[in-house]
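This report covers one structure, shown here with its sequence.

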Amino acid sequence: MTTPPPWNGPNPPQQPSGWDKATPPPMPPPPGWDAQTPPPMPQQAPPMPPDGMYGTPAMPGMSGMQPMLQLPAETLVTIGDIICTQTEVITPSGRRPIGQVTWSFTDMSRTTRSIPTWAIVCAVVFFFVCFLGLLFLLAKEDRTEGSVQIVVQGPGLLHQLQVPVYSVMQVQDYSARIGYARSLTAAAYGM
């Protein structure tokens, strides 16, 4: 068993309780560093700018890597994970010319109208103060739940997606996007 070398610093290190001769002493600080100066922080590289790929940043020297999905420059409409351009439809299931696909949209959501809880509480509280508290029962709240189903199919392509919706405006937005995609299909089919 070897003994540790003597301490060359200004103050000898304090030995923790339970320290025996077999445990090496603590490491001395690096040269040029004292207790008042914090150790230098490692420099971080600046963030890399994206190179136009969907979900992956540009990496210099990594030209052999395949991007997840390259967004076309002329993207006209996106519906979930479906991308429509002037000439083709791009889905995770494959690509097809836009004139060869058909679209299907099914609204499987439901909207209910009810009196919100806060209105019932206010009506009960203010009923004893005056009968005007009953006016709170006129308040109504719309709640939408469910999903919409979107199907695009063509020769050798079938892609289906189900998107949850939480408002009537979301359902109308998806319906308008499908309408626009259908108009792109009709325009391409006529060419």
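## Basis

The model is predicted, so local features need pLDDT of at least 70 and side-chain atom pairs count only at pLDDT 80 or more, while totals for chains, interfaces and linings use all residues. Residues are numbered from 1 along each chain as its sequence is written, and side-chain values use heavy atoms, with hydrogens and water left out.

## Sheet and packed helix

Helices (H or I, at least four residues) and strands (E, at least two) are DSSP runs numbered from the N terminus. Two strands are taken as paired if DSSP finds at least two bridges between them. Three strands form an open sheet in the order 5-8-9, and their pairing is antiparallel. Its edges are strand 5 (102-107) and strand 9 (157-164), each of which pairs on one side only. On average, neighbouring strands of this sheet are turned by 10° against each other, direction ignored. Axes here are lines fitted to C-alpha atoms, for helices over the stretch in contact, and angles run from 0 to 180 degrees between N-to-C directions.

Strand 8 (residues 147-154) runs antiparallel to strand 9 and is joined to strand 9 by eight bridges. Val152 is placed opposite His159 of strand 9. Helix 2 (residues 168-189) packs on the sheet and touches strand 5, strand 8 and strand 9; contact means heavy atoms within 4.5 Å. The direction of helix 2 makes about 165° with that of strand 5.

## Annotated segment

An unreviewed UniProt entry places the feature "transmembrane region" at residues 118-139. UniProt positions follow the numbering used here, feature names are shortened, and annotations may be inferred rather than shown by experiment. In the model, residues 118-139 are 45% helix and 0% strand, and the end C-alpha atoms of this stretch lie 9 Å apart.

## Aromatic pair

Rings of Phe, Tyr and Trp (its six-membered ring) pair if their centres lie within 6.5 Å; planes under 30 degrees apart count as stacked, over 60 as edge-to-face and the rest as tilted. One aromatic pair is counted by this rule. Phe126 and Phe136 are stacked, because their ring centres are 5.7 Å apart and their planes lie at 20°. Phe126 belongs to helix 1 (residues 117-127), and Phe136 to the loop between helix 1 and strand 7 (141-145), ten residues apart.

Buried means under 20% relative accessible area, exposed over 50%, and partly exposed in between (1.4 Å probe, protein chains only).

## Cysteines

Zero disulfides are found in the whole structure, a disulfide being a pair of cysteine sulfur atoms within 2.5 Å. Cys84 is buried because its relative accessibility is 0%. Cys122, at 22%, is partly exposed.
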